[in-house]
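Reader: Could you walk me through reading a few features of this model? I'd like the general idea, then the case at hand.
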Amino acid sequence: MDWWQALILGIVQGLTEFLPVSSSGHLMIFRELLGADPEGFLDFTVAVHFATVLSTVVVFWGAIWKLLQGLLKFRYNDETDYVCKLVVSMVPIAIVGLLLKDQVEALFGEDLTTVAICLLVTACLLFLSDKFSFFAKNVKESVGNHRNGISFWQALVVGFGQSFAVAPGLSRSGTTIATGLICGVKREVMAQFSFLMVLVPIVGEQMLDLLDMATGEAAAGPGVGAAALVIGALAAFFSGLFACKAMVAIVKKAKLTWFALYCAAVAVVILLFLR
């Protein structure tokens, strides 16, 4: 992978991470368009995702610091409750990461058909979330009765949504926000919860990969050099830092149906011209 390819792919990752359009799917599409070597591409994907996690930490640092302060009081307060629900949401993705890692890696091959199919699934979920989120008004317990605006069972369902979103083209933010809305969680609650729940899984994945490399159990893919990884990560961090605040606001206010139409259109283009 050349430095300019890494730069463009990093920018694509940063700009698409915070929209419900699948950053991993767009990375594979642009990899194909730029002619980048697929060898070692998963290493590059992990690096740029880690960079956008860092930009998420910067943007949400106030909320993260408040949660840490609440935890240090060592009592069950709002902050402890919120963190416990974040932990519950991480259980499904942890299971997938431990048991199905090889199968997930196999999805990041050269064929874009998987991306197209997953984009269509993302489009359906986004469309349904706008159409059926009114079920929240009819559930027995209103959303307002749940501490921090989300219950433990809703956090678990959102976690299952995130576990399916490991597939390229199935948007993590789109899937988690859509499943949350369908379950009755308010959009402004899901916007923050969705971005915070991914911090530990991605950081953990990165640390495990680094540990494997340090112990010699794994090596970085030969198609991606150290310079490309650094350039891609920096590009993803700064573009993500720029995009995060604006795009989180868009996710909170905009109709997700528009993003559904975009995902469907991209999927059709892939199936017709890029397979």
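Author: Happy to. Helices are DSSP runs of H or I with at least four residues, numbered from the N terminus. Leu 7, for example, sits in helix H1. This is a predicted model, where local features need pLDDT of at least 70 and side-chain atom pairs count only at pLDDT 80 or more, while totals for chains, interfaces and linings use all residues. Residues are numbered from 1 along each chain as its sequence is written, and side-chain values use heavy atoms, with hydrogens and water left out.

Reader: Where is confidence lowest and where highest in the protein chain?
Author: pLDDT is the predictor's confidence in each residue, from 0 to 100. The chain averages 82, and 85% of the residues score at least 70. Helix H6 (residues 101-106) has the lowest mean, 68, and helix H4 (residues 61-71) the highest, 93.

Reader: Is Leu 7 buried, exposed or partly exposed?
Author: Buried means under 20% relative accessible area, exposed over 50%, and partly exposed in between (1.4 Å probe, protein chains only). Leu 7 has 32% relative accessibility, so it counts as partly exposed.

Reader: Which residues does Thr 175 contact, leaving aside its neighbours within four places in sequence?
Author: Contact means heavy atoms within 4.5 Å. With those neighbours set aside, Thr 175 touches Leu 125, Gly 161, Ala 165 and Leu 170.

How values were computed:
Helix = DSSP H or I, 4+ residues; strand = E, 2+ residues; numbered from the N terminus.
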